[in-house]
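Open the structure in your viewer and keep the selection tool at hand. Each stop below says what to select and what is there.

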Amino acid sequence: MKRFLSIVGLPAALFCACSNSVDISPSDGTSDVFEVDSLSGMLLVKSADKQVSLGTEESSAKSNERPVMHGRFDYDFSIGRHEVTCAAFNSVMKSELGVSLDCAGENIPATNLTFFDAALYANARSKAERFDTAYTYIRATFDANGRCTNLEGFAFHPEVAAYRLPTEAEWVYAASQAWSTKDAWTAENSDYKLHEVCLKESAEDVPCDMAGNAMEWVNDWLGSFRDTTVTDYVGAPDGGALGQRVVKGGSYRNAAESITLYSRGDVYTVTSSTKADYVGFRVAFGAIPAATWLNSSGSAVSSRIVTLANSSTVRYQTGTYRTKLAFRNDLTGNLAYVDYSNRSVSVTEIEDSLDVYHPDISPDGKRVAFCTGLEGVSGKSSLYVRDMNANGTHLVKLDVESAAIPRWHVLGNGDTVIVYVTDAGNNKDESAFKSASTWQVKFAEGKFGKPEKLFDGAYHGGISDDDALAITGARLLRARIAESGSSLAGNARDTVWYNGEQACNASLAKDSSKRTLFLDFASKTGREFVGENYGTHERLLVMDSTGNLVHAVAAPATYSFDHSEWAIGGGNLAVATLANSGGAHVKIVLLNLADDSLIELVEGEEIWHPSLWYSRNTSSGDDSLLDLDSAGVYLADFQGNEEEKYRIKMEMFWKNLDKTRYLLVGSSRMEMGIDPDAYPEWNMLNMGVSGIDPNRDFYFINNYALNHSDNLKGIVVSVDLDGWNGVEDHLYLIQYAVPGYKYDANHDFWKDGIPSGFVEAVENAYPASQDLTESFTERGGLANPCRGWDSDEVAVLRDSVFTPQATAHLDSMIGVLADIAESAAARGIYVIGVIFPQAPQYRETGSFGLYGLQRSVVAQKIARLDSLAKANDYFILMDENRMGDHDYSGEMAFNRDHLCSAGATKMASRLDSLLRTLK
């Protein structure tokens, strides 16, 4: 299958492995389940008519791991006996894409790869063995190290017999036949490194290393389980707003007691572009003829609608991320939509009993109007308006006998109305056409006003902004033209355009051009204008305000157009469905009539009646001096959860610059550990973000906080002594990965004041996902469930004895903190270092906390910080851990090194008490 590759030098995100649950349930391998395929080296899994249990009933498990759901197989499949090795990966990918891994050994698992890397490997192996590919995409993006960070238009085709990643159900079924964490490479025996595959399993007819060595990607998007049985389960239809993927098993970093068969991921968000040195994959092979997805409402679906274009691609055409697409899923009759202002683009379907036709998005992009009747078919139709959200809230119905084909329209006085017709049937017969009429009704504050008849004739193709032209097309292309000085409701004439030949899907431009977009049936007039023969609906035609043809766009080969509409936002953009040679409406496309370019937006089995809305970026200030491709752009479309959070927090920082008095800066311990809303009088802003890297946090303090300190009274920073070891470089992710941070540095971080229009540029830049954005309060607060200290599994993820290099880094960071405190003191700003509490059980390990560091060494470092506090009145150390002798109970903990909401409130209370003692 064809691919188009573009190389972009940007890094992928990292994530850390932790587990909160214990479930060790080994079972003996059964020889009647697996059969060795000597040619492929794979294991044939005899799963047909078998069942597997997914999830758990453990109350301490994550919500997406509960309840138990049963998966039933109608097919057999093959799975790799072990993870794909470094040598196997390189042998395939070096020739395919010129990509290779630098590994410690040829037979260790290939790791530090994204989900996309794994998918590309599976495709490459399929092609090498002359199979079709299970994955398709439009464009691939790679970072500087050759890792694939994005596959735009990515789609999985389960019906294809090819190499692919195993589904979660397949993986669990295979793993459950010989599950044993005692015999796996785990933190207890691995020496914290990968080992050659299958060293702990000599039998050749069972899979190995599924519990340990490397955690593994599987094929599924992360979705919810239901207390039911699902046949041929393949996960969720998409990754939702966060675009989350499933990873299975444990790794050499995990304690054996923390590895469970039901675990689906990590403490941190796992997306397709995530990579880590302990995550690899194994391949599966075989078709899933009747795959079933489980959508967000818990309904099993045998088909799904796949997004093909990401937010950046759409933004390139519309000029804004504030773009939405609504359409009808003809298989269900439901309204579906895509919000491109979300970072992770997915399809949301509003499920109810209403049959939705001809949706039209409101001018503000918040609501959608639709009807229950179809263009070209006579009969009664009802008109509704609802909010465009997952639940389709605030549904209201227009109380009239019949209303069809709604179109939003803004009057000259500013009122918003909906124009509709009483019947949208065949308009070829003059008397039948005139027996219907065109109406408008005001819509304000979620309610309909009183309907008002405009004129006779069902003109459902739209009314021009100046109220001088109305058009319609349902067999004939009809126009109503107002006489000079009059209106359509007054002195106007009705006429037939396009020489009276057959036309349909007429749409009047949403700008002042009065252009009409329509489709024809390969009529003589169209063929003469185009200069060649074509089939029905194989050309999208455009007429000017006088009814003369001015443009034509050809449908892609083997397709025809249907349901064409101008985009709501003006300009040269339009949307249409593409019908294949069998007549199925399988894609919705965005067309730019300025250059006749075409972008595929979504793909499905039967998707109808698209409506595209976009709102151009506007600024209240003069942003002519700003490069809007760089200014405020703190996120790119292939980046991970950490960068996404920082993008959210950076917008908060700039928008609250004048009123913020105390900035809270640091790792996820700070992010989760202090509630800035508990004491609003202090005007705190929590800038904490997951990932421990003081270089990142100090970079922000020095270049952002202290450069805009006119109203700042204090900076509260997390002092993560166990994590200040230089192992992770999170500064790189924000400093070099996207243009916004470089742009700030090139402008001296706006020391002389932020320019007019800058805040608007930040707001309109590439967005974070709506769900993640809404998880934070306006002050950066975060609600976290209280799960306890995980006292039974207080593992130490690294050696407690720091290397000389790690110790030197720790000392250096304490020195940088001292310098920051001195700079802040010169401005009268307090710096408060917080050592957050960790599980008190670490007192029994000899380790300070999760990432090690000997307790005796920590005592020395804390003594150094105490000395710093004595020497600088503006530096204060809040040691809330007290070497484990703290008073934060398990009811205040999220896990072994993070507080929950109750703990964050208590920490805020301690901070409040401290602040009240300061000058």
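Select strands E39 and E40 first: they form a hairpin with five residues between them, and glycine 583 in that turn has a positive phi of about 90°. Helices (H or I, at least four residues) and strands (E, at least two) are DSSP runs, numbered from the N terminus. This is a predicted model, in which local features need pLDDT of at least 70 and side-chain atom pairs count only at pLDDT 80 or more, while totals for chains, interfaces and linings use all residues. Residues are numbered from 1 along each chain as its sequence is written, and side-chain values use heavy atoms, with hydrogens and water left out.

E39 (residues 573-579) runs antiparallel to E40, and seven bridges join them; two strands pair if DSSP finds at least two bridges between them. Valine 575 stands opposite leucine 590 in E40.

Is E40 (residues 585-592) largely enclosed or open? Eight of its eight residues are buried, so the strand is largely enclosed by the rest of the structure. Buried means under 20% relative accessible area, exposed over 50%, and partly exposed in between (1.4 Å probe, protein chains only).

Next come the disulfides, pairs of cysteine sulfur atoms within 2.5 Å. How many are there? The count comes to three.

- Select cysteine 86 and cysteine 103, whose sulfurs are 1.9 Å apart. Cysteine 86 lies in helix H1 (residues 86-97) and cysteine 103 in the loop between H1 and helix H2 (115-128), so the bond ties together parts 17 residues apart in sequence. The S-S torsion is about 85°, so this disulfide is right-handed.
- Select cysteine 198 and cysteine 208, also joined by a disulfide, with sulfur atoms 1.9 Å apart. The torsion is about -40°, so this one is left-handed. Cysteine 198 is buried at 11%, and cysteine 208 is buried at 2%.
- Select cysteine 786 and cysteine 900, with sulfur atoms 2.1 Å apart. Cysteine 786 lies in the loop between helices H13 (770-775) and H14 (804-826), and cysteine 900 in the loop between strand E51 (898-899) and helix H16 (901-915), so the pair ties together parts 114 residues apart in sequence. Cysteine 786 is partly exposed at 41%, whereas cysteine 900 is buried at 0%.

Cysteine 148 is buried, with a relative accessible area of 0%.

The last stops are salt bridges: a side-chain nitrogen of Lys or Arg within 4 Å of a carboxyl oxygen of Asp or Glu. The whole structure has 45 of them. One of them joins glutamate 35 and lysine 46 (3.4 Å, N to O). Glutamate 35 lies in strand E2 (residues 34-36) and lysine 46 in the loop between strands E3 (42-45) and E4 (51-54), so the pair ties together parts eleven residues apart in sequence.

Move to aspartate 330 and arginine 328, whose closest N and O atoms are 2.7 Å apart in a salt bridge. Aspartate 330 is partly exposed at 22%, whereas arginine 328 is buried at 4%.
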